[in-house]
Amino acid sequence: MKENLVKNKLENGEAAVGVWLSLGSPNIAEYIANFELDWLCVDTQHGLFGHNQVIRSFQAISKTGTVPIARVASNERFLVNKLQDAGTMGIIFPMINSKKEAEKAVDYALHSPKGSRSCGGARQKLYSDKKSFESFSQWVDEETLIIVMIETAQAVKNAESILSVEGIDACFIGPRDLATSMETKVGSKLHENAIMKTLEASKKKGVPAGIYCFTGAEEANKRLEQGFQLISIASDTALIGSSIHRINEELKL
């Protein structure tokens, strides 16, 4: 039986650090997964992944101690279930703006009586003991990490009601979309206040909060000190781009 080590960490009050994957490359997924991160997110919303690339990325990640999770392209039942069948151990639901939308997320991801996920499994069954569908469905409901994104002004306003939904394991702030929704800039006082308001709501409801960090370890350490537990330290594109930019700056031509 495969344990969701990220879910365990969050439940124990610990931090879990990972990287966002956008380039659609299972080879990059495999390479980064071997650097002992807690999780990797395969982004099917804005990333360049076809479904076969998603499967191959999950296969590569699962050979390591890193937990494979995915952001669903849109909050539709069949897309959630396809990612689960392919082998994700966590679903990030984008643009959750209300309690009703959060309830749908839980409903799509979990089996009856907690939800109404369709019976399936495919690759994901390899993580359980495979003895029966009942034991598999129990494993899914216990080990699946359900994360809702707070990335609009409306979502910040409704954060407490969103995070009151039973079955939500964490929230994750999308800083850029939040800034766009608020018609402000990332890092502005207004923007930071909204982030802190969301963090306060998460602490009040006992639901771990996560956030994407743009500037590396310094920003990540700041967020950890504030109480964020789910930290994305970079993306594959950022890691490649920042390395090339740094080398270009240091070249003596």
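## Salt bridges and barrel architecture in a predicted model

Arg 77 and Asp 107 form a salt bridge in which the closest N and O atoms are 3.4 Å apart; the term denotes a side-chain nitrogen of Lys or Arg within 4 Å of a carboxyl oxygen of Asp or Glu. Because Arg 77 lies in helix α4 (residues 77–86) and Asp 107 in helix α5 (residues 99–109), the pair ties together parts that are 30 residues apart in sequence. Arg 77 is partly exposed at 32% relative accessibility, and Asp 107 is likewise partly exposed at 24%. Here, buried means under 20% relative accessible area, exposed over 50%, and partly exposed in between (1.4 Å probe, protein chains only). Helices (H or I, at least four residues) and strands (E, at least two) are DSSP runs, numbered from the N terminus.

The model is predicted, so that local features need pLDDT of at least 70 and side-chain atom pairs count only at pLDDT 80 or more, whereas totals for chains, interfaces and linings use all residues. Residues are numbered from 1 along each chain as its sequence is written, and side-chain values use heavy atoms, with hydrogens and water left out.

The whole structure holds 8 salt bridges. One of them joins the side chains of Asp 38 and Lys 9, at 2.9 Å from N to O. This pair links distant parts of the chain, 29 residues apart: Asp 38 is in the loop between α2 (26–33) and β2 (39–43), and Lys 9 is in helix α1 (residues 5–11). Asp 38 is buried, with a relative accessible area of 18%, while Lys 9 is partly exposed, at 27%. A salt bridge also connects Lys 204 with Glu 160, their closest N and O atoms being 3.3 Å apart. Lys 204 belongs to helix α10 and Glu 160 to helix α8 (residues 159–162), 44 residues apart. Lys 204 counts as exposed at 58% relative accessibility, and Glu 160 as partly exposed at 35%.

The strands form a closed barrel of 8, in the order β1-β2-β3-β4-β5-β6-β7-β8, with parallel pairing; two strands pair if DSSP finds at least two bridges between them. Neighbouring strands are turned by 25 degrees against each other on average, direction ignored. Axes are lines fitted to C-alpha atoms, for helices over the stretch in contact, and angles run from 0 to 180 degrees between N-to-C directions.

Strand β7 (residues 209–212) is joined to the parallel strand β6 (residues 170–173) by 3 bridges. Within this pairing, Cys 171 has Ala 209 as its bridge partner, and Ile 173 stands opposite Ile 211. Helix α10 (residues 189–205) packs on the sheet, touching β5 (145–150), β6 and β7, and its direction makes about 175 degrees with that of β6. Helix α11 (residues 217–226) also packs on the sheet, touching β7 and β8 (230–235), at about 170 degrees to the direction of β8.

Arg 223 is found in helix α11 and is buried, at 5% relative accessibility. Beyond its neighbours within four places in sequence, Arg 223 is in contact (heavy atoms within 4.5 Å) with residues including Glu 192, Met 196, Ile 211 and Ile 231.
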